[in-house]
Amino acid sequence: MTADQPGSTRGADSAEEADVVVLGMGPGGEYAAGCLAEAGLSVVGVEARLLGGECPYWGCVPSKMMIRAADLLAEGRRIPGMAGAATVSPDWRPVARRIRDEATDNWDDKVAVDRFTGKGGRFVRGRGRLTAPGEITVDTAGGRRVIRARRAILINTGTAPAIPPVDGLAGTPYWTNREAIETEKVPGSLIVLGGGSIGAELSQMFARFGARLTVVEAAERLIPMDEPEASALLAEIFGREGITVKVGTAAAGVRYDGHGFALTLAGGETLTADRLLVATGRKTGLAELGVAAVGIDPRARVIDVDDRMRVVLPGGDPAGHGAGPDGGAGLWAIGDVTGKGAFTHVSMYQADIAMRDILGLGGPSADYHALPRVTFTDPEIGVVGLTEAQAAAQGIAVRTGFTDVPSTTRGFIHKAGNDGFIKLIEDRGRGVLVGATSVGPWGGEVLGALAVAVHGRMDTERLAQMIFAYPTFHRGIEAALQDLRSNQR
Ligand SMILES: Cc1cc2nc3c(=O)[nH]c(=O)nc-3n(C[C@H](O)[C@H](O)[C@H](O)COP(=O)(O)OP(=O)(O)OC[C@H]3O[C@@H](n4cnc5c(N)ncnc54)[C@H](O)[C@@H]3O)c2cc1C
C-alpha cells in the first residue's frame with residue numbers, strides 16, 4: 001500500500017490520541033461531542049464541511065425560513081373574501097438575507113466551533129475515514145492526520161444528495177438542496193425531480209415566490225411514504241396553486257444549453273425550465289468512509305446499530321466494544337447514516353443514547369415505535385408511527401378513523417386554507433393507536449397530541465374520554481376517534 005492509496009496512514013503529518021473521536025458533526029455529533037467533552041473526556045471532532053451538519057446550513061432551518069416566508073405570501077393571498085383586499089408582491093431578497101445573516105452566518109460555523117472548543121473539544125476540519133479499528137485518518141488543508149481513539153469512535157457523517165444516473169445530467173449545473181438554499185434569486189421556472197418531502201416542500205415554496213413549477217416523481221404519487229390520502233390532497237392543492245405534477249414517470253434524459261434545462265421523461269415528453277432541482281433521495285457513501293477497515297460491507301446503504309447505537313457488524317458481532325484502554329475503542333453511529341429516520345430529532349435522540357453508553361451511564365435504549373415526522377408543506381403533513389399500509393405489512397389487524405379538517409368547527413371557522421384531515425391507525429387486537437397522520441394548518445403541531453398517544457401506547461377508549469378544547473384543530477382527533485369506534489371493518 002502506498003501513501004496515496006485510500007486506507008493508507010503512511011505519510012501522516014502527525015498522529016494523535018483522544019478518548020473519543022466524533023467523525024462527522026451533524027446535529028447529534030455536535031451535541032454528543034460537546035457533552036462528552038464537558039464530561040471530562042478528550043474529544044476530537046472531525047468535520048469536512050460545517051460543524052452542525054446539513055440541518056442548520058442547507059436543511060431544516062433555512063428551508064423552514066423559506067417556507068415561513070412563502071406561507072406568509074399564501075396567507076396574504078387568502079385575505080380577499082375573508083378580510084378585505086391585499087396586494088401580495090413576493091420579494092426574495094429578505095428571505096435570502098435572513099438565511100445568509102440569521103440562519104447560517106453566511107455559511108460560517110465559527111460560533112459552533114467556538115462553542116465546541118469552549119467545552120474542551122478539539123476540532124479538526126477535514127474529511128476523515130476509518131483506517132483501522134479505533135483509528136481515523138483525516139485529510140486536512142494542512143496535511144494528513146491520524147487520530148487514534150482510546151475509548152470510542154462515534155460516526156455521524158449523515159447523507160449527501162443522491163444523484164440518479166439520468167443521461168446527460170452529470171456535468172450540468174443542476175441544483176441540489178444546497179444550491180436551492182443558497183440561491184439569491186428565484187428562478188423563472190423550475191423542474192423539481194423528486195416529489196418526496198424535500199422536493200414537495202421546496203416546490204410549493206418556490207412556486208409561491210413566482211417560479212413556474214413542475215414536480216416529477218417516479219412513484220405513483222407524491223410523498224409516497226405517507227398515507228395515500230395525504231398524497232392525493234397535496235396533489236390537488238399543488239394543482240390549485242398552479243404547480244404541474246407528473247407522477248409515475250421517470251426522467252430519461254437531461255440537456256442544458258447554457259441557459260436552461262430540457263428534461264425528457266420516460267414516456268417521451270420534454271419539459272423545459274431555467275433550473276433543475278434534484279431531490280431524489282440521499283446517500284450515505286460508506287465506501288469513502290472506509291468502513292471496510294472495520295469489517296462493514298462498503299456496499300451497504302446504512303450502518304447497522306443496536307438499540308444503544310453500537311455498530312453491529314455483519315454476523316451480529318459488536319464492533320470491538322471494549323470501550324476502554326485495554327478492550328480497545330468501540331464504534332458507535334448515529335443520525336441519517338443509521339437508516340432509522342433521516343431527521344434531526346432522530347440524530348439528537350440517538351446522540352443522547354450513544355453519549356450515555358460511551359460514558360457507561362445506562363438509561364433507556366432506543367425505541368422508534370412513535371417516531372414522528374413532519375413535511376412542512378401547506379397544509380403541514382405530520383405522521384407518527386405506522387401508516388395503515390405499514391401496519392398491515394407488519395400483520396397488524398387495523399381499524400382506522402378519519403375526519404376532514406373542513407368538517408370540524410375550527411376548520412369551518414378557518415375557511416381559506418383549511419385543507420386537511422386526521423387519520424388514526426389502531427391495532428385492533430390491542431385497542432391502541434400505532435400510528436396517525438395529521439394534515440392541516442399547523443398539522444405538525446396537532447401531531448404532538450397524537451405522538452403522545454402513540455408513544456404512551458394509549459388505549460383508544462381512554463383517549464376518547466379526553467376533553468378536547470373547543471374549537472381547536474386538535475379537537476378533530478375526537479371526531480376521528482368517534483369514526484374509528486364506529487368502524488367495525
Ligand atoms: C432540505 C432539507 C430539509 C430538511 N428538513 C428537515 C426538517 O424539517 N426536520 C428534520 O428533522 N430533518 C430535516 N432534514 C434532515 C436533516 O437535515 C438531517 O436528518 C439532520 O441534519 C441529521 O443528520 P445527521 O445527524 O445524520 O448529520 P448531517 O446533518 O448530515 O451532518 C453530517 C456531517 O458529517 C460531515 N461528514 C460527512 N462525511 C464526512 C467525513 N468523511 N469526514 C468528516 N466529516 C464528514 C458532513 O460534512 C456533515 O456536516 C432536512 C434535510 C434537507 C436536505
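A crossing of two helices is called left-handed if the near helix is turned anticlockwise from the far one by less than a right angle, and right-handed if it is turned clockwise. The structure described here is a predicted model, in which local features need pLDDT of at least 70 and side-chain atom pairs count only at pLDDT 80 or more, while totals for chains, interfaces and linings use all residues. Residues are numbered from 1 along each chain as its sequence is written, and side-chain values use heavy atoms, with hydrogens and water left out.

Helix α3 (residues 60-77) passes α7 in a left-handed crossing, where helices are DSSP runs of H or I with at least four residues, numbered from the N terminus. The axes of α3 and α7, which are lines fitted to C-alpha atoms over the stretch in contact, with angles running from 0 to 180 degrees between N-to-C directions, come within 9 Å and cross at roughly 50°. That angle makes α3 oblique to α7, given that angles under 35 degrees count as roughly parallel, over 145 as roughly antiparallel, 65 to 115 as roughly perpendicular and the rest as oblique. On the side of α3, the residues that meet α7 include S63, M66, I67, A70 and R77, and their partners in α7 are E201, L202, M205 and R208, contact being defined as heavy atoms within 4.5 Å. By class, this contact of α3 with α7 has 7 nonpolar, 1 polar and 5 charged residues; Ala, Val, Leu, Ile, Met, Phe, Trp, Tyr, Cys and Pro count as nonpolar, Asp, Glu, Lys and Arg as charged, and the others, Gly among them, as polar.

Helix α3 also packs with helix α4 (residues 93-103), at an angle of about 145° and with the axes 10 Å apart, and this crossing is right-handed. Here V61, P62, M65, M66 and A69 of α3 meet V95, R98, I99, E102 and A103 of α4, and the residues of the contact divide into 8 nonpolar, no polar and 2 charged.

Helix α7 (residues 197-208) packs in turn with helix α8 (residues 228-240), their axes lying 11 Å apart at an angle of about 20°, and the two helices are therefore roughly parallel to each other. The crossing of α7 and α8 is left-handed. In it, A200, S203 and Q204 of α7 meet L234, I237 and F238 of α8, a contact made up of 4 nonpolar, 2 polar and no charged residues. Also in helix α7 is I198, which counts as partly exposed because its relative accessibility is 42%; buried means under 20% relative accessible area, exposed over 50% and partly exposed in between, for a 1.4 Å probe and protein chains only.

A180, found in helix α6 (residues 177-182), counts as buried because its relative accessibility is 0%. Leaving aside neighbours within four places in sequence, A180 is in contact with M66, W175, L202, F206 and L277. The C-alpha atoms of A180 and L276 are 9.8 Å apart in space, although the two residues are 96 apart in sequence.

In soluble globular proteins, nonpolar side chains tend to be buried together. A nonpolar core is a set of buried Ala, Val, Leu, Ile, Met, Phe, Trp, Tyr and Cys residues joined through side-chain atoms within 4.5 Å. The largest such core in this model has 95 residues, and those with the most contacts inside it are V43, W92, I155, M205, F206, F209 and I303. Apart from this core lies another, of 21 residues, among them A436, L450, F473 and L484.
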